[in-house]
Each structure stands twice: as C-alpha cells, then as structure tokens.
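User: I have a structure to go through with you. Can we start with the ring pairs and then move on to the packing?

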Amino acid sequence: MTTTPSEQSAGVSLGMPQLPAPDYPADVRARLDADAKEVIARYPDSRSALLPLLHLVQSEEGHVTRTGMRFCAEVLGLTTAEVTAVATFYTMYRRKPSGDYQVGVCTNTLCAVMGGDAIFDELKQHLGVGNDETTEDGKITLEHIECNAACDFAPVVMVNWEFFDNQTPDSAKRLVDDLRAGVPVEPTRGASICTYKETARILAGFPDERPGAVEASGGAGPASLIGLRLAKGELPQPRVVHPRDESPSGAGTEEGE
C-alpha cells in the first residue's frame with residue numbers, strides 16, 4: 001500500500017506496520033538483565049519496577065528507545081503497549097536523542113516575572129535551538145519547565161535536576177558555555193553535575209558514585225526555611241497588620257494626641 005503526497009507531508013503512513021524493535025547486543029543485554037534483576041527484587045509486585053527500569057534503559061542510550069521499552073516489557077511480563085503508555089506519560093522520559101546536559105528553565109509564573117522568560121529567550125538565541133531541542137554538538141538539550149519547586153530562588157535553572165538559583169540571562173549563558181566547553185560547574189545546592197545518562201542511572205536506584213554527592217544537600221535553602229524558623233520561634237515575629245491606634249511606623253498617634 002502506498003501513500004499520497006499529502007499523506008506523506010502530514011507524516012501519515014498507511015503502509016506496513018513497524019517491525020518489532022531489535023534487541024540489545026548480547027553483552028549489553030546481559031548487563032541490563034543483571035541490573036534489572038536487582039531493581040525488580042526491591043518490589044513485591046514486579047510491575048512496580050517499571051519506572052526505575054525506564055530510567056535504567058534511558059541511562060543506556062540517553063533516551064527511552066523502542067528497544068528499551070521492549071526490554072522493560074520482557075523482563076516485567078508486560079505488553080509493549082503498557083510500557084509505552086507509561087513512557088509517553090511522564091516527561092522525565094525522553095523519546096528522542098538528547099544532550100549530555102538537560103538545561104531546564106522555569107517559566108512558571110513567579111520565575112517568569114522574575115526573569116525566567118528572558119533567560120529562556122536568551123538561551124534559545126544563544127544556543128540556536130528551540131524548546132526541547134539539542135545543540136549540534138550534542139551537549140545541551142534546552143527546555144522550559146513549568147516549576148522547579150524553588151520559587152524562593154527565582155528565576156531558577158536546572159541542569160540534570162540540580163539547582164542553579166537566582167539566575168540572570170548572562171549567568172545562564174555562562175553556565176551553558178562552560179558545560180559545552182567541559183568546564184566543571186557547581187550547582188547552587190546539591191551534588192556536582194554529571195551527565196544525563198549518569199543521572200538516569202542514579203534515578204534508577206543505583207549508588208551515586210560521585211565523591212561527596214551523598215553528603216551534598218540539594219534541599220531547601222535559607223530563603224525557603226524562613227517560615228519554618230518563624231514558626232519555631234527562632235526569629236522575631238514580624239508585625240504584619242498594625243493596630244488601629246498605631247501608625248505604620250509604630251511612632252504614635254495623630255498630631256495633638
């Protein structure tokens with residue numbers, strides 16, 4: 001069966017169905033089988049291991065391929081349709097080749113008004129790529145992210161899920177330039193930067209072998225903890241609403257009283 005020119009231009013294929021995905025080479029398959037066995041053993045129900053296994057296959061090729069989904073289906077006794085449904089639902093699983101460093105710029109409301117939109121626009125022009133696109137050298141995949149859960153440090157950029165707080169267009173451009181040049185960069189909070197494949201393996205549940213990574217904290221910073229410290233009485237309670245008989249400065253009443 002052939003397709004018409006209009007169907008071809010629309011990316012529609014009515015020909016033969018796609019052939020089954022090829023398997024991994026024998027040595028790769030043996031290594032992944034051993035890793036998968038370790039992951040599956042953590043769960044009482046094997047299908048619960050699907051999410052970390054998708055991270056595992058992503059660590060092999062940098063994205064979730066048809067071969068990776070076939071592997072997950074086989075070791076878990078699932079259909080490829082079931083695996084595909086999960087892999088396509090979560091944006092943390094990439095479906096096409098991506099860069100060594102996933103640079104995510106928060107463009108949600110607070111980060112956007114604090115400069116996130118400007119950072120994202122500058123990086124697109126600086127790198128010559130659009131959203132969810134990768135630079136020609138294969139180093140950077142740029143994407144906008146709805147929220148990095150770090151509003152106290154807006155605008156925020158993440159590289160392979162590590163925080164770079166209080167960014168500006170200039171600092172973000174220096175960051176991606178250093179990543180492309182192989183210059184070591186340190187996040188504002190958290191462990192040192194590793195590649196996207198290495199990050200995926202860590203997310204699959206395997207030990208983080210970076211020196212000092214376990215001790216490093218990527219959690220809340222001082223700005224995020226002010227409310228907690230106030231609640232514990234560790235900081236003076238600020239006066240939010242002034243009494244009716246007191247001026248905002250607390251200096252007293254109207255003249256003559």
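Analyst: First, the term: rings of Phe, Tyr and Trp (its six-membered ring) pair if their centres lie within 6.5 Å. Also note that this is a predicted model.

User: How many aromatic pairs does a search of the whole structure find?

Analyst: The search turns up three aromatic pairs. One of them is formed by Tyr24 and Phe71, with 6.1 Å from centre to centre and 70 degrees between the planes. Planes over 60 degrees apart count as edge-to-face, and that is the class of the Tyr24 and Phe71 pair.

User: Where do Tyr24 and Phe71 lie?

Analyst: Tyr24 is in the loop between helix 1 (5-9) and helix 2 (26-40), and Phe71 is in helix 4 (residues 66-76), so the pair ties together parts that are 47 residues apart in sequence.

User: Staying with helix 4, at what angle do the axes of helix 4 and helix 5 cross?

Analyst: Roughly 120 degrees, and the axes of helix 4 and helix 5 (residues 80-87) come within 8 Å. That angle makes helix 4 oblique to helix 5. The crossing of these two helices is right-handed.

User: Which residues make the contact of helix 4 and helix 5?

Analyst: Helix 4 contributes Met69, Arg70, Cys72 and Ala73, while helix 5 contributes Thr80, Val83, Thr84 and Ala87. By class, the contact of helix 4 with helix 5 has five nonpolar, two polar and one charged residues.

User: Next pair. Is the crossing of helix 3 and helix 8 left-handed or right-handed?

Analyst: Helix 3 and helix 8 make a left-handed crossing. The axes of helix 3 (residues 50-61) and helix 8 (residues 196-203) come within 7 Å and cross at roughly 160 degrees. Helix 3 is therefore roughly antiparallel to helix 8.

User: And which residues in helix 3 and helix 8 meet?

Analyst: On helix 3 they are His55, Leu56, Gln58, Ser59, Glu60 and Glu61; on helix 8 they are Tyr196, Lys197, Ala200, Arg201 and Leu203. The residues of this contact divide into four nonpolar, three polar and four charged.

User: In what sense do strand 1 and strand 4 pair?

Analyst: Strand 1 (residues 101-106) and strand 4 (residues 157-159) pair in the antiparallel sense, over three bridges. Gly104 has Met158 in strand 4 as its bridge partner.

User: How far apart are the axes of helix 6 and helix 7?

Analyst: They are 9 Å apart, and helix 6 (residues 109-127) packs with helix 7 (residues 169-181) at an angle of about 40 degrees. These two helices are therefore oblique to each other, and helix 6 passes helix 7 in a right-handed crossing. Ala118, Ile119, Glu122, Leu123, His126 and Leu127 of helix 6 make the contact with Pro169, Ala172, Lys173, Val176, Asp177 and Arg180 of helix 7. By class, that contact of helix 6 with helix 7 has seven nonpolar, one polar and four charged residues.

User: Last topic, the backbone. Which peptide bond is cis?

Analyst: The bond from Ala154 to Pro155 is cis, with omega near -5 degrees. Pro155 lies in the loop between strand 3 and strand 4.

User: And what is phi of Asp132?

Analyst: Asp132 has a phi near 65 degrees, which is a positive value in a residue other than glycine. Asp132 sits in the loop between helix 6 and strand 2. For background, most residues other than glycine have a negative phi, and most peptide bonds are trans.

Terms used:
Residues numbered from 1 in each chain as written. Predicted model: local features only at pLDDT ≥ 70, side-chain atom pairs only at ≥ 80, totals over all residues. Heavy atoms only, no water. Axes fitted to C-alpha atoms, helices over the stretch in contact; angles between N-to-C directions. Helix = DSSP H or I, 4+ residues; strand = E, 2+ residues; numbered from the N terminus. Parallel < 35°, antiparallel > 145°, perpendicular 65-115°, else oblique. Left-handed = near helix turned anticlockwise from the far one by under 90°. Contact = heavy atoms within 4.5 Å. Nonpolar A, V, L, I, M, F, W, Y, C, P; charged D, E, K, R; others polar. Pairing = 2+ DSSP bridges. Phe/Tyr/Trp six-rings, centres within 6.5 Å; stacked < 30°, edge-to-face > 60°.
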